[in-house]
Amino acid sequence: MPTGPDKGYRSSASCGWAAFDILARLVVVAAALWCFSTSASAQTKSGPPGTQTAGPAVKQVNNKSTTGRGATGKLAPVAGGPCDFGVVVTTGDEFTVLTTGLTIFQYKTMVVPIPGWGLQELIFARTRAAIPAGVSVLRIPFNPAKFPPRDESKDTLKDRLFHDPDAELAGYMREVVKGTNCRHYIQILNAVSPIGSSKYTVRGFGILNQDVVLGRRIFLYALAFIRIFDGRDFSVVRQSSALINMQHSLAVQRLLGKQLGGPYRELPAESFPARPEDAAADPALRDGVRAMLTESLDKTLPLLLGLRRAARQSDTGER
């Protein structure tokens with residue numbers, strides 16, 4: 001057993017090695033923590049799968065650079081990434097066949113499904129065309145089943161007195177675009193218009209048969225409304241009916257004798273379908289609605305987007 005100086009040396013050496021061993025372990029632990037933190041930081045910057053950074057998405061396919069557009073020319077969807085404009089179309093694929101007259105007994109209406117007319121695709125295409133090239137656009141799907149219409153009959157007096165339509169609209173849009181992150185949102189919805197000076201109204205897309213004393217008058221109409229929201233607080237930045245006649249407001253158009261507040265055409269009496277359900281298969285009705293919708297969006301959207309100065313703003317729409 002070591003004694004004297006040898007014992008002191010061994011004891012000192014043992015302590016030195018113990019200190020060195022502890023220091024070495026601390027260095028190893030620190031190195032491991034540093035590697036882990038570096039890896040976590042890299043993962044945080046790259047983001048989880050399915051996200052996109054603010055820069056443009058570029059894919060390398062067959063050694064060629066391509067943007068997010070697919071082979072069909074449509075913009076590829078962006079899951080959760082930032083964008084300049086989010087576009088949501090809430091018009092639905094419906095066509096109304098309506099008859100009105102001098103008495104309530106002449107009033108008849110039927111809503112016909114028209115998914116084959118491609119109106120929602122047309123609306124998005126015209127909206128995308130109105131936005132300058134290079135500006136990112138995201139189409140946001142809309143499921144009307146998730147947003148049942150408000151039951152006005154259940155409103156109390158307190159609800160009517162303290163109802164805040166702006167806050168309600170902002171909350172509605174937050175739910176519609178939930179999971180997206182865009183600087184602005186564009187909503188295209190159905191507009192509503194009175195029929196002349198009568199108590200009746202029309203909404204969206206349809207055909208009207210006015211059965212009056214001197215005969216019938218047939219009107220094909222395509223009424224859309226545009227809202228642009230701020231993506232931060234969902235306040236409405238601009239809004240207007242989609243119009244073809246940009247010279248007068250809707251109020252002035254009514255004073256000038258216009259039957260409907262928005263795009264419409266008068267058709268011959270035989271254009272009205274014998275059965276409401278026949279309207280869905282009528283190419284003349286389909287093409288007429290598509291033409292009016294295209295022209296009104298192409299004229300109104302650039303004004304709302306600030307690409308052309310608007311003469312005046314419309315004053316009605318779906319609420």
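Reply: By the ring-pairing rule, the count comes to 4 aromatic pairs. Rings of Phe, Tyr and Trp (its six-membered ring) pair if their centres lie within 6.5 Å; planes under 30 degrees apart count as stacked, over 60 as edge-to-face and the rest as tilted. The model is predicted: local features need pLDDT of at least 70, side-chain atom pairs count only at pLDDT 80 or more, and totals for chains, interfaces and linings use all residues. Residues are numbered from 1 along each chain as its sequence is written, and side-chain values use heavy atoms, with hydrogens and water left out.

Me: Why is the pair of tyrosine 185 and phenylalanine 234 called stacked?

Reply: The ring centres of tyrosine 185 and phenylalanine 234 are 5.5 Å apart and the planes lie at 15 degrees, so the pair is stacked. Tyrosine 185 belongs to strand β7 and phenylalanine 234 to the loop between β12 and β13 (236–241), so the pair ties together parts 49 residues apart in sequence. Strands (E, at least two residues) and helices (H or I, at least four) are DSSP runs, numbered from the N terminus.

Me: What makes the pair of phenylalanine 219 and tyrosine 264 edge-to-face?

Reply: Phenylalanine 219 and tyrosine 264 have 80 degrees between their planes, at 5.6 Å centre to centre, and the rule counts planes over 60 degrees apart as edge-to-face. Phenylalanine 219 lies in strand β11 and tyrosine 264 in strand β14, 45 residues apart.

Me: How do you know whether phenylalanine 219 is buried or exposed?

Reply: Buried means under 20% relative accessible area, exposed over 50%, and partly exposed in between (1.4 Å probe, protein chains only). Phenylalanine 219 has a relative accessible area of 1% and is therefore buried. Tyrosine 264, with 23%, is therefore partly exposed.

Me: Why does arginine 275 count as partly exposed?

Reply: Its relative accessibility is 47%, so arginine 275 counts as partly exposed. Arginine 275 lies in the loop between β14 (264–267) and α6.

Me: What makes the link of cysteine 83 and cysteine 182 a disulfide?

Reply: A disulfide is a pair of cysteine sulfur atoms within 2.5 Å, and the S to S distance between cysteine 83 and cysteine 182 is 1.8 Å. The pair links distant parts of the chain, with cysteine 83 in strand β3 (residues 82–89) and cysteine 182 in strand β7 (residues 181–190), 99 residues apart. Both cysteine 83 and cysteine 182 are buried.
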